Every structure is written in structure tokens, then in C-alpha cells.
Amino acid sequence: MVYDFHAHTSLSDGALSPMELIRRALVNNYQAIALTDHAATGSLSRIIKEVSEVCALARSYWHILALPGIELTNLPPQAIAETAKKAKELGACIVIVHGETIVEPIEKGTNLAALHSPHVDILAHPGLLSLEEAKLAATNGVFLEISARKGHCLTNGHVASLAQQVGAKLLLSSDVHSEQDLLTLPLADAIIHGAGLDDNACHQILNINPHALIKNLPANCQG
Ligand SMILES: [Zn+2]
Ligand SMILES: [Zn+2]
């Protein structure tokens, strides 16, 4: 079973409608998917409202945990904490922050701001994460992402090694933008091993950590 907490739909720059993406995830053996379209501030409430409705409908008829979420993208770091809080108040189950990937000009300080916010669940593609940031992720329980996405994946090995060193928790995400990006278990396994991690870490990332994340969600996000 695949757990994937980072996905884009036509509400931002993804190709599929929210319902079609959930449907395709379901037939690809997904157990859970979070729809986390890009937003800064303006589109926040519109996107969360729309994906919440779609996820609720999918969950009531299909056996998949479809979760409304958001990926805070290109916000000034100073605005991340308050926007993450607002996203949770608006009903987002999962808040991720578009981290300092090496392939986009993300403002420095984004990783730190995300890791300091109690309302951020996952720091996506954190790029050249520092040791201090990795320690903060471990202390504050923010998951660090191993990315299946081209470009963002270039620092997976670095992120994996720092996370292991300090005991920060990792998750693997597809960052799907169209149907061919959906994860399969063999691909997930290969990406994690490709980041230099072993079978134990693989089990942790693909099973234990997703369950830990879901267990800590509010009751209305659990099923
Ligand atoms: Zn995108
Ligand atoms: Zn993304």
C-alpha cells in the first residue's frame, strides 16, 4: 500500500482534477493521498474548501484516505507560520511547505520558518538542508521529504543522511503533477535505496512514518 502526502491537481499546476487524481491513486493501490496544491495566501481558502469537499466525497464511497492539504509555496518566510495556522483553521489536514530545493530560487529562511511552525507537517524537498535544520525537524516532529520529483530529488541523499544522523523522520512523496508521477511500491523502494538508505529505513519511511503522521491528525482527518 502506498502513502503519499504531496500531490498537485488542476487547482494549481497539476494536470488532473482532484477527483480524477484520487481515483487514479485508488486504482494504483494507494492507501492515502493528500492533495496539496500550491498556494500563498490569496487562493488558500478557495483551494482548501474545494479539495475538502472532494476528499470527503471520495472517502465516503471509496477505500482511500483522501486528505485535503496545501503546499505553501514562495511565501516570504516571515509569513509562513501565520499562513500555516490559517490553513489548518480552514480545514487543511496536511500543511506542507515548499522547501529550499536547489532547482528553484526559494528564499533562504524558508526551511527554518517551516520547521519552527507547529502547524507544518512536512518540509518538502528541503534541498541543502543544514545540520541545524535537520536537528530542528527531529525536535519539532516535522517530517522531511525524500522526493520522487525530478530536480527536487537531486539532494535526496544529503537529506536522508542528515536525517539519519539526527533522528529526523522521513517520508517519501511523489509530488505528482500528472498521472505518470504516481508512486508504486517498487519505485518507492528504489528511490529510498537510491538515497543510500537500507531496508530498515525503507520500512520506516513507507509504513511506520505514514502511520505516525496519520495517527496525529485530528479525528475528522482520519477516516
Ligand atoms: Zn508544482
Ligand atoms: Zn509540490
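Start with the zinc ion, ligand 2. Its protein donors are His 6 (NE2), His 8 (NE2), Glu 71 (OE) and Asp 175 (OD), at 2.0 to 2.4 Å. Donors here are N, O and S atoms within 2.8 Å of the metal (3.2 Å for Na, K and Ca); water is not among the atoms, so sites may look incomplete.

This is a predicted model: local features need pLDDT of at least 70, side-chain atom pairs pLDDT 80 or more, while totals for chains, interfaces and linings use all residues. Residues are numbered from 1 along each chain, chains are lettered from A and ligands numbered from 1 in written order, and side-chain values use heavy atoms, without hydrogens and water.

Back to the site. The donor spacing is H-x1-H-x62-E-x103-D. The other zinc ion, ligand 1, is 4.7 Å from ligand 2. Glu 71 sits in strand S3 (residues 65-72) and Asp 175 in the loop between strand S7 (170-173) and helix H7 (185-194), so the pair ties together parts 104 residues apart in sequence. Helices (H or I, at least four residues) and strands (E, at least two) are DSSP runs, numbered from the N terminus. Glu 71 and Asp 175 are both buried, meaning under 20% relative accessible area (1.4 Å probe, protein chains only).

What makes the contact between H1 and H2? The axes of H1 (residues 18-27) and H2 (residues 44-61) come within 10 Å and cross at roughly 35°. Axes are lines fitted to C-alpha atoms, for helices over the stretch in contact, with angles from 0 to 180 degrees between N-to-C directions. Pro 18, Met 19 and Ile 22 of H1 meet Val 51, Val 54, Cys 55, Leu 57 and Ala 58 of H2, with contact meaning heavy atoms within 4.5 Å.

How values were computed
Buried means under 20% relative accessible area, exposed over 50%, partly exposed in between (1.4 Å probe, protein chains only).
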